Amino acid sequence: MKIDPRHFEGFNRVLTGVVVPRPIAFVSTMSASGQVNLSPFSFFNAVCSDPPTLAFSCSRYAPGWPDKRKDTLAHIEETGEFVVNLVVDDIAEAMNQTAAEYHTEVSEFGVAGLTPAPSDLVRPPRVAESPVNMECRLNQVVNIGEGRRQNGLVIGEIVLLHIRDDIISGHHIDHQKLRPVGRLAGNMYCHTDHVFELTRPVYLYRPGD
Ligand SMILES: Cc1cc2nc3c(=O)[nH]c(=O)nc-3n(C[C@H](O)[C@H](O)[C@H](O)COP(=O)(O)O)c2cc1C
């Protein structure tokens, strides 16, 4: 079967079903007036190591509302700051509680029973229950798509990374302790506790190749 995205109703469900598993950015933001927001995004990844850079994509408008903008993107465009908290097994259900399209005045920290912890370099708080928090400054927002379907690809530089001490030893991250959650399609998720190793082959370049 071949699928032309332009002529396949609901192609998004196929796309998010095959690009799996995706890590989940649990993004905390604060508006200029001090309103805090927390929401999950799985169109997310690390995209550059130097400067250390993350990207996630947020649709501009909230589904189900006539004209409400998603708070995450609005706050980031207003302030240029956000924190990406990693979603792990222990906070998966709390993360899910934050994903409804609440009024801007609602702080999802309260909805999900999560604890805001002060950040060092940016104003949005961190999620205390998440073992990894990345304080970020906005590099740029790249608009993708048009009108009500438009997404903002948020590209941000990590200016400070917090990690729970028992998870890191030198440069080594203990994934058995980290227990990150992967998103599959729709409401399906996976654990990442079954891991395996592949040694990468080395090809040595010789002049004349
Ligand atoms: C696991 C998960 C991943 C999600 N990923 C995205 C995403 O990548 N982009 C997006 O726009 N919305 C995504 N959503 C929906 C947003 O989290 C939801 O619209 C959220 O309420 C945005 O709220 P805000 O207005 O507070 O920013 C996701 C929801 C869940 C549960």
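This is a predicted model: local features need pLDDT of at least 70, side-chain atom pairs count only at pLDDT 80 or more; totals for chains, interfaces and linings use all residues.
What does valine 27 touch, once residues up to four places away in sequence are set aside? Its contacts are Asn37, Leu38, Ser39, Phe41, Phe56, Thr72, Ile76, Phe82, Val83 and Val84.

β1 pairs with β2 in the antiparallel sense over six bridges, and here alanine 25 stands opposite phenylalanine 41. The two strands form a hairpin with five residues between them, and in the turn you'll find glycine 34 with a positive phi of about 100 degrees. β1 is also joined to strand β5 (residues 81–86), running antiparallel, by four bridges. In that pairing, phenylalanine 26 sits opposite asparagine 85 of β5.

**Strand β4 and its two partners**

Now move over to strand β4 (residues 52–59). This one is mostly covered too, with seven of its eight residues buried. β4 pairs with β3 in the antiparallel sense over five bridges, and a hairpin connects β3 to β4 through two residues. Leucine 54 in β4 is the bridge partner of alanine 46. β4 also pairs with strand β9 (residues 151–163), again antiparallel, over seven bridges. There, serine 59 has asparagine 151 of β9 as its bridge partner.

Here are the pairings side by side:

| Strands | Sense | Bridges |
|---|---|---|
| β1 and β2 | antiparallel | six bridges |
| β1 and β5 | antiparallel | four bridges |
| β3 and β4 | antiparallel | five bridges |
| β4 and β9 | antiparallel | seven bridges |

Asparagine 151 lies in strand β9. Is asparagine 151 buried or exposed? It counts as buried, because its relative accessibility is 19% and the cut-off for buried is under 20%. Leaving aside neighbours within four places in sequence, asparagine 151 is in contact with Ser57, Cys58, Ser59, Arg60, Val142, Asn143 and Ile144. If you want a distance to check in your viewer, the C-alpha atoms of asparagine 151 and lysine 68 are separated by 14 Å, with the two residues 83 apart along the chain.

Threonine 98 belongs to the loop between α3 (92–97) and α4 (108–112). Not counting residues up to four places away in sequence, threonine 98 touches Phe26, Leu38, Ser39, Pro40, Glu108 and Ala112.

Phenylalanine 43 is another loop residue, found between β2 (36–41) and β3 (44–49). Why does phenylalanine 43 count as partly exposed? The reason is its relative accessibility of 35%, because partly exposed covers the range between under 20% for buried and over 50% for exposed. Phe43 forms a nonpolar patch on the surface together with Leu15, Val18 and Val19, and together the four have about 330 Å² of accessible area.

Conventions
Residues are numbered from 1 along each chain as its sequence is written. Side-chain values use heavy atoms; hydrogens and water are left out. Contact means heavy atoms within 4.5 Å. Patches are made of residues with over 30% relative accessible area and no salt bridge: like charges are joined within 9 Å, nonpolar side chains (Val, Leu, Ile, Met, Phe, Trp, Tyr) within 5 Å. Accessible areas come from the Shrake-Rupley method with a 1.4 Å probe; for residues, only the protein chains shown count as cover. A salt bridge is a side-chain nitrogen of Lys or Arg within 4 Å of a carboxyl oxygen of Asp or Glu. Buried means under 20% relative accessible area, exposed over 50%, partly exposed in between (1.4 Å probe, protein chains only). Two strands pair if DSSP finds at least two bridges between them.
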